[in-house]
Amino acid sequence: MNTLDKVSHAAERKAMEVAIDHIVKGLDKDRTGEYLKLIDLAEKFYGKGFSKESYDAARVAVQDPNNKWVKYINSVIDDANPEFIKKTALNLGYEAFFRGTKTIRENRKKYNCNIPWLILFDPTSACNMHCEGCWSGTYGHKSNLTFEDMDKIVTQGKELGVYLYLLTGGEPLVKKKEIIKLAEKHNDVEFAIFSNSTLIDDAFCKELVRLGNITFLLSIEGTPETNDARRGAGHFEAVMKAMNLLKKYGIVFGTSICYTKYNVEAVTSDEFFKMITDKGARFGFYFHYMPVGNNAVTDLLPTIQQRKYMIDRIRYIRSDKCDINFYPMDFQNDGEYVGGCIAGGRNYFHINSNGDAEPCVFIHYSNTNIHDNSILEMLQSPLFMAYHEGQPFNENHLRPCPMLENPSLLREMVKRTGAHDTNMESPETADHLCDKCEDYAKEWAPIAEEYWKDHKHPHPKYENYAPKRMEELGLHNEE
């Protein structure tokens with residue numbers, strides 16, 4: 001970014017900051033009026049990113065006090081520290097969503113490769129827990145990203161338009177001091193941390209309030225019994241304590257839930273949703289258990305009927321028919337809303353604690369490393385370009401993954417690009433990994449096809465696929 005662009009960006013951010021500050025201050029007096037101002041502001045900065053009909057529909061919605069999502073937004077604002085709301089609106093709203101999206105789309109054309117909307121990285125492989133079936137808990141203190149590594153990731157990511165960074169591991173808070181330092185230096189971006197909750201305390205929460213640009217996704221798996229059966233005795237209680245602290249300090253947070261054959265019902269029951277919303281959680285990611293690593297427990301894979309149940313259940317919770325005040329997202333089953341597989345930099349990619357750039361947090365193969373290459377060079381590496389040229393891997397977005405639902409594709413890409421295994425516990429070949437997915441993929445395919453044919457699907461104005469794939473699929477992006 002040249003000097004003139006930096007000055008223009010700073011001025012625009014300041015103007016947005018002033019506008020958001022006025023809106024937040026007015027929320028207690030005239031919430032509907034301030035929501036309307038916020039929509040006007042979004043239309044001014046994002047323009048044709050949404051249709052005029054979408055902006056108008058949003059204006060109608062915010063004037064309906066019984067609208068489910070107005071109630072949802074109100075609950076977030078009621079619980080949150082006002083300074084946290086302002087920083088989130090500025091960093092996640094203006095920087096990541098409005099300005100960042102425009103910059104990212106320009107750079108996708110400029111560099112003819114995937115440019116992600118977010119980057120996921122592991123500050124450390126270390127973890128103070130050893131959950132059943134998890135590859136990470138067995139790594140130990142084998143590798144860490146230095147502060148300089150993390151700073152490089154964020155600095156270069158911002159140059160490409162990326163203003164959202166998710167941290168996982170290991171347990172990221174093992175490197176609490178470096179994370180605080182990073183969030184302080186890059187106070188214009190939003191950080192979200194996947195955490196097991198055990199290292200969240202009062203002192204850290206005070207730092208979070210001061211910074212305003214860190215949120216959390218807390219790992220939890222249902223009842224004390226179903227949670228602690230996989231994560232260890234006492235973990236459920238540690239999550240409850242962390243939730244109480246985050247709610248006390250007005251820090252908006254969500255959940256990270258791995259669903260398996262043995263906890264599907266527990267992590268989707270009305271009682272569970274009521275419990276986590278009462279504790280202050282407002283959103284969450286659901287992750288289908290993946291049989292990754294030589295210590296994977298394939299018996300944890302959900303059954304095909306459980307997977308179908310998850311599709312219907314999560315969509316019901318998000319519907320107007322349900323009054324549960326929580327927004328769940330299903331990483332495996334919501335592909336149609338994001339155009340299929342989002343890995344390989346299409347919308348996100350992963351950098352492990354050894355610096356290897358992996359297409360996905362579940363795909364441990366790489367041609368490139370942050371110690372040797374820039375973020376852009378990583379995105380142009382052979383395996384990432386294979387993702388770019390192959391996406392979507394299946395036109396049925398209920399079968400998005402090149403590993404779990406289309407294992408022959410991952411085998412081929414790894415072989416063709418010469419990508420090496422990055423599993424730090426014990427090397428696992430792509431053949432070994434994909435062999436564990438073959439039966440599941442064959443069993444799920446006909447169910448997914450039937451479901452896909454029987455339901456209507458959204459048609460986005462913009463799809464991030466390679467030009468050749470767009471042509472093959474008969475698609476074009478609306479400007």
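## Helix H11 and the cysteines

Helix H11 (residues 270-278) buries Phe 272, Phe 273, Ile 276 and Thr 277. These residues lie on the same side of H11, because they cover an arc of only 125 degrees around the axis. The arc is taken from the directions from the helix axis to the C-beta atoms. An α-helix has 3.6 residues a turn, so residues three or four places apart point the same way.

This is a predicted model: local features need pLDDT of at least 70, side-chain atom pairs count only at pLDDT 80 or more, and totals for chains, interfaces and linings use all residues. Residues are numbered from 1 along each chain as its sequence is written, and side-chain values use heavy atoms, with hydrogens and water left out.

Buried means under 20% relative accessible area, exposed over 50%, and partly exposed in between (1.4 Å probe, protein chains only). Helices (H or I, at least four residues) and strands (E, at least two) are DSSP runs, numbered from the N terminus.

The cover over the buried residues of H11 includes helix H10 (235-248), strand E5 (253-259), strand E6 (281-288) and helix H12 (304-318). Contact here means heavy atoms within 4.5 Å. Glu 271 and Lys 274 are exposed, on the face of H11 turned away from its buried side. Gly 280 follows H11 with a positive phi, near 115 degrees.

Now the cysteines. A disulfide is a pair of cysteine sulfur atoms within 2.5 Å. The count is 0 disulfides.
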